[in-house]
Amino acid sequence: MIEFNVQDMTCGHCAGRITKAINGVDASAKVDIKIEGRTVSVESKATADELADAIREAGYAPQLL
């Protein structure tokens, strides 16, 4: 499980964009997003760097937990 803190994720639209970005890297990834806690947990074959890059490309600033 790879976990990120994404402080600039504030709503469901943000969560949707992040999920779409992660699925673009690994279509079979399991994504669990907690908007209130601003956390993104991912079970994926992709590396943390690949996932972080995808989240950045979607316009957000992930920090690995």
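Mentor: Begin with the term itself: a residue is buried when its relative accessible area is under 20%, exposed when over 50%, and partly exposed in between. Keep in mind that this is a predicted model.

Trainee: Which residues of helix 2 are buried?

Mentor: In helix 2 the buried residues are Leu51, Ala52, Ala54 and Ile55. Because they cover an arc of only 160 degrees around the axis, they sit on the same side of helix 2.

Trainee: Which residues are exposed on the other side of helix 2?

Mentor: Asp49 and Glu57 are exposed there. Asp49 has a relative accessible area of 59%, over the 50% cut-off, so it counts as exposed.

Trainee: What covers the buried residues of helix 2?

Mentor: The cover includes strand 1, helix 1 and strand 3. As for what comes next in the chain, helix 2 is followed by Gly59, which has a positive phi near 105 degrees.

Trainee: How should I read a nonpolar core?

Mentor: The general idea is that in soluble globular proteins, nonpolar side chains tend to be buried together. In this model, the largest nonpolar core has 20 residues, and Phe4, Ile18, Ile22 and Val40 have the most contacts inside it. At least two residues of this core come from each of strand 1 (2–5), helix 1 (12–25), strand 3 (39–43) and helix 2 (48–57).

Trainee: Which element gives the most to this core?

Mentor: Helix 1 does, with five residues.

Trainee: Which residues is Phe4 in contact with, leaving aside its neighbours within four places in sequence?

Mentor: Among them are Val40, Leu51, Ala52, Ile55 and Leu65. Phe4 is also in contact with Arg38, Thr39 and Pro62.

Trainee: Now the helix pair. How is such a packing described?

Mentor: Two packed helices are described by the angle between their axes and the distance between the axes. Here the axes of helix 1 and helix 2 come within 8 Å and cross at roughly 135 degrees. That angle makes helix 1 oblique to helix 2. The crossing of helix 1 past helix 2 is right-handed.

Trainee: Which residues make the contact?

Mentor: Helix 1 contributes Ile18, Ala21, Ile22 and Val25, while helix 2 contributes Glu50, Leu51, Ala54 and Ile55. Two of these, Ile18 and Ile22, were also listed with the most contacts inside the largest nonpolar core.

Trainee: What should I look for in backbone angles?

Mentor: Most residues other than glycine have a negative phi, and most peptide bonds are trans. Arg38 has a positive phi, near 55 degrees, and is a residue other than glycine. Arg38 lies in the loop between strand 2 and strand 3. Its relative accessibility is 28%, so Arg38 counts as partly exposed.

Trainee: Is Ala27 buried or exposed?

Mentor: Ala27 is exposed, at a relative accessible area of 71%. It is found in the loop between helix 1 and strand 2 (30–34). Ala27 and Leu64 are 37 residues apart along the chain, and their C-alpha atoms are separated by 21 Å. Ser28 has its place in the loop between helix 1 and strand 2, and Ser28 is partly exposed at 48%.

Trainee: How do I compare separation along the chain with separation in space?

Mentor: Put the two values side by side. Gln7 and Ala61 are 54 residues apart along the chain, with their C-alpha atoms separated by 7.3 Å. For Ser28 and Glu57, the values are 29 residues in sequence and 19 Å in space, C-alpha to C-alpha.

Trainee: Where does Gln7 lie?

Mentor: Gln7 lies in the loop between strand 1 and helix 1. Gln7 counts as partly exposed, at 45% relative accessibility.

Conventions:
Residues numbered from 1 in each chain as written. Predicted model: local features only at pLDDT ≥ 70, side-chain atom pairs only at ≥ 80, totals over all residues. Heavy atoms only, no water. Core = buried A, V, L, I, M, F, W, Y, C linked by side-chain atoms within 4.5 Å. Buried < 20%, exposed > 50% of the residue type's maximum accessible area, 1.4 Å probe, protein only. Helix = DSSP H or I, 4+ residues; strand = E, 2+ residues; numbered from the N terminus. Contact = heavy atoms within 4.5 Å. Arc of directions from axis to C-beta. Axes fitted to C-alpha atoms, helices over the stretch in contact; angles between N-to-C directions. Parallel < 35°, antiparallel > 145°, perpendicular 65-115°, else oblique. Left-handed = near helix turned anticlockwise from the far one by under 90°.
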